[in-house]
Amino acid sequence: MFFSVRDLEVKKIHFETEYPAGEIDFLDPGVEQYSVLKTRGVAELLSNTLGEIRVKGHLDVTIQAACDRCLEPAQFPVDSDFDLFYRPAESGVLPEEARIDDGELEIAFYEEGGVALKDVLREFVLLAMPMRKLCREDCRGICPLCGSNRNLMECRCEEKPVDSRWAALKNI
Ligand SMILES: [Zn+2]
Ligand SMILES: [Zn+2]
């Protein structure tokens with residue numbers, strides 16, 4: 001689905017659609033669309049701007065990404081409202097009076113006469129992902145000494161700390 005400025009000049013576009021799992025490419029090998037993505041909302045061209053497009057709606061999807069600590073795949077549900085603004089890339093900096101107040105969420109730019117819904121969804125999902133992606137709050141991560149996943153196996157490395165003088169010798 002593509003929201004072209006030409007169509008939006010005539011009227012707002014309401015959308016309600018689904019993308020099967022894997023359909024949206026997040027351009028990041030660590031992030032995958034794990035479930036169907038359901039979305040609905042509206043795209044409109046804002047008056048009194050130089051062609052600013054606002055896409056507002058709701059999306060619901062489960063993302064799979066590697067846990068930051070143990071690197072195992074983990075699922076992250078994103079079920080959230082979004083409200084994104086797109087300015088034409090060629091417009092450059094907008095005059096002061098055309099700026100939106102501090103309440104604005106995210107501003108991006110568009111080219112080629114409009115905005116693709118998939119690009120909007122990709123961008124929002126990446127923004128909505130937690131800063132620290134953990135498979136669970138208390139993920140114990142990977143042992144820095146033996147490299148085993150400490151959620152799965154007690155490796156006992158910490159029980160016998162290596163004497164740093166000997167560790168230095170071992171590296172020779
Ligand atoms: Zn983990
Ligand atoms: Zn270990």
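Author: Start with one term. A residue is buried if 20 or more other C-beta atoms lie within 10 Å of its own, and exposed if 12 or fewer do. In between, a residue is partly exposed. Keep in mind that this model is predicted.

Reader: How many helices and strands does the chain have?

Author: There are three helices and eight strands. Read from the N terminus, the order is β-α-β-β-β-β-β-β-β-α-α. The chain has 172 residues, and 19% of them count as buried.

Reader: Which strands pair with E4, and in which sense?

Author: Look for bridges from one strand to another. E2 and E4 pair antiparallel over seven bridges. Among the partners here, Ala-43 bridges to Val-55 of E5, and Glu-44 bridges to Arg-54 of E5. Ala-43 belongs to the covered face of E4, and Glu-44 to the uncovered face.

Reader: What else pairs with E5?

Author: E3 does, in the antiparallel sense, over three bridges. Gln-33 has Ile-63 of E5 as its bridge partner. E6 pairs with E5 as well, antiparallel, over 14 bridges. There, Lys-56 stands opposite Asp-83 of E6.

Reader: How many residues lie between E5 and E6?

Author: Six residues lie between them, and the two strands form a hairpin. Look at Leu-71 in that turn. Its phi is positive, about 70°, although Leu-71 is not a glycine. E5 covers 53–66 and E6 covers 73–88, with Leu-71 in the loop between them.

Reader: Is Leu-71 exposed or partly exposed?

Author: Count neighbours. Leu-71 has 13 other C-beta atoms within 10 Å, so it is partly exposed.

Reader: Where is Arg-156, and what is its phi?

Author: Arg-156 sits in the loop between helix H2 (117–128) and helix H3 (164–170). Arg-156 is not a glycine, yet its phi is positive, about 70°. Because Arg-156 has 10 C-beta neighbours inside 10 Å, it counts as exposed.

Reader: What about another loop residue, Ser-35?

Author: Ser-35 lies between strand E3 (31–33) and strand E4 (37–45). It has 17 C-beta neighbours inside 10 Å, and therefore counts as partly exposed. Sequence distance and space distance are separate things to read. Ser-35 and Tyr-19 are 16 residues apart in sequence, and their C-alpha atoms are 8.8 Å apart. Apart from neighbours within four places in sequence, Ser-35 is in contact with Ala-21, Val-61 and Thr-62.

Reader: In the chain, what share of contacts join residues at least 24 apart?

Author: Take contacts between residues at least 6 apart in sequence. Of these, 57% join residues at least 24 apart.

Reader: Now a helix. Which residues of H2 are buried?

Author: Again, the idea first. An α-helix has 3.6 residues a turn, so residues three or four places apart point the same way. In H2, the buried residues are Leu-117, Val-120, Leu-121, Phe-124 and Val-125. Seen down the axis of H2, they fall within an arc of 125°, so they line one face of the helix.

Reader: What covers the buried residues of H2?

Author: The cover includes strand E1 (2–4), strand E2 (13–19), E4, E5, E6 and strand E8 (114–116). Take Val-120. Beyond neighbours within four places in sequence, it is in contact with Val-55, Leu-84 and Val-115.

Reader: Which residues of the largest nonpolar core touch the most other members?

Author: They are Ile-53, Val-55, Leu-59, Val-115, Val-120, Leu-121 and Phe-124, out of 22 residues in that core. E4, E5, E6 and H2 are the elements that give two or more residues to it.

Notes:
Residues are numbered from 1 along each chain as its sequence is written. Chains are lettered from A and ligands numbered from 1 in the order in which they are written. This is a predicted model: local features need pLDDT of at least 70, side-chain atom pairs count only at pLDDT 80 or more; totals for chains, interfaces and linings use all residues. Helices (H or I, at least four residues) and strands (E, at least two) are DSSP runs, numbered from the N terminus. Two residues are in contact if their C-beta atoms, placed from the backbone, lie within 7 Å. A nonpolar core is a set of buried Ala, Val, Leu, Ile, Met, Phe, Trp, Tyr and Cys residues joined through C-beta atoms within 7 Å. Two strands pair if DSSP finds at least two bridges between them. The arc is that of the directions from the helix axis to the C-beta atoms.
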